[in-house]
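Take a look at the model below. Keep the sequence beside it as you read.

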Amino acid sequence: MSHPSYAVDVRSLDEFSARELYAMLKLRVDVFVVEQACAYEELDGNDDGALHLRVMRGSDLMAAARILPPVDGKNPRIGRVVVSPHHRGKRLGEAVMREALAVCADRFPGIDVEISAQSHLQRFYGALGFAVISEEYVEDGIPHVDMVRSSS
C-alpha cells in the first residue's frame with residue numbers, strides 16, 4: 001500500500017529485521033512509556049501473533065499500529081497506535097487507523113473491529129466509525145473506554 005507522502009507495510013514479527021523491530025519498539029516505548037510517563041508492560045507478549053502496520057517515508061518510521069487477529073470468538077483489535085513526535089500534525093493518526101481498518105476489512109472480512117481507546121480520544125475514534133461499548137476504566141493510570149466499529 002502507498003500514499004503520495006508515505007508507504008505502508010504490514011508484517012508479522014518474524015518478518016522484521018532486528019533494526020526495523022528495534023525502531024518500532026523504541027517508538028512505542030518513547031511515546032507510551034516515556035512521553036506519557038506511564039510505566040507499564042509495553043512488551044506484553046502479544047506482538048508475536050499480531051500484524052504490525054508501519055507508515056514509512058523511505059527508512060523513516062512515521063507511525064505504527066498493531067493488529068491482533070480474531071481468536072477464540074473475539075473480534076480483531078487495533079492497538080499500539082503511535083505517531084512519531086517528529087511527524088505529528090500531519091494527520092498520520094487518522095492515516096494509520098484508516099490503513100489498519102483496511103487491513104482488517106481485507107484479512108478479516110465481515111468482522112467488527114475493537115479498540116481500547118484513551119478516553120480523551122473518543123471523538124477522534126468516533127469520527128472513524130467507532131462507538132463506545134464500555135464504561136470508562138483506568139488502565140495503567142490512564143482513563144480508557146472500549147470501542148467497536150461495525151463491519152457492516
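The paragraphs below go from strands to core, then to rings and loops. Keep in mind that this is a predicted model.

Start with strand E3, residues 51-57. It has partners on both sides of the sequence. E2 and E3 run antiparallel, and six bridges join them. E3 and E4 form a hairpin with two residues between the strands. In that hairpin, Gly58 takes a positive phi near 65°.

Is E3 enclosed or open? Six of its seven residues are buried, so E3 is largely enclosed by the rest of the structure. In a regular strand, side chains alternate between the two faces of the sheet.

Now turn to the inside. In soluble globular proteins, nonpolar side chains tend to be buried together. The largest nonpolar core in this model has 30 residues. Val55, Ile78, Tyr125 and Phe130 have the most contacts inside this core. Several elements give two or more residues to the core, among them strands E2, E3, E4 and E5. Helix H2 gives the most, with eight residues. A second, separate core has nine residues, including Met24, Val31, Phe32 and Val82.

Which residues does Tyr125 contact, leaving aside its neighbours within four places in sequence? They are Val81, Met97, Ile115, Ala117, Phe130 and Met147. Tyr125 has a relative accessible area of 9%, under the 20% cut-off, so Tyr125 counts as buried.

A pair of aromatic rings is described by the distance of the centres and the angle of the planes. The structure holds two aromatic pairs. Phe124 and Tyr125 form an edge-to-face pair, 4.9 Å centre to centre, with 75° between the planes. Tyr125 and Phe130 have ring centres 6.1 Å apart and planes at 80°, so this pair is edge-to-face too. How exposed are the members? Tyr125 and Phe130 are buried, whereas Phe124 is partly exposed, with a relative accessible area of 31%.

Now move out to the loops. Most residues other than glycine have a negative phi. Two residues here go against that pattern. Asp72 is not a glycine, yet it has a positive phi of about 50°. Asp72 is found in the loop between strands E4 and E5. It is exposed, with a relative accessible area of 79%. Arg91 is also a residue other than glycine, and its phi is near 65°, a positive value. Arg91 is found in the loop between E5 and helix H2. At 61% relative accessibility, Arg91 counts as exposed, because the cut-off is over 50%.

Finish with Asp48. Asp48 is found in the loop between helix H1 and strand E3. Is Asp48 buried or exposed? Asp48 is exposed, with a relative accessible area of 53%. Now compare sequence and space. Asp48 and Ser12 are 36 residues apart along the chain, but their C-alpha atoms are separated by 7.3 Å. Leaving aside its neighbours within four places in sequence, Asp48 is in contact with Leu13 and Asp14.

Key: Residues numbered from 1 in each chain as written. Predicted model: local features only at pLDDT ≥ 70, side-chain atom pairs only at ≥ 80, totals over all residues. Heavy atoms only, no water. Helix = DSSP H or I, 4+ residues; strand = E, 2+ residues; numbered from the N terminus. Buried < 20%, exposed > 50% of the residue type's maximum accessible area, 1.4 Å probe, protein only. Core = buried A, V, L, I, M, F, W, Y, C linked by side-chain atoms within 4.5 Å. Contact = heavy atoms within 4.5 Å. Pairing = 2+ DSSP bridges. Phe/Tyr/Trp six-rings, centres within 6.5 Å; stacked < 30°, edge-to-face > 60°.
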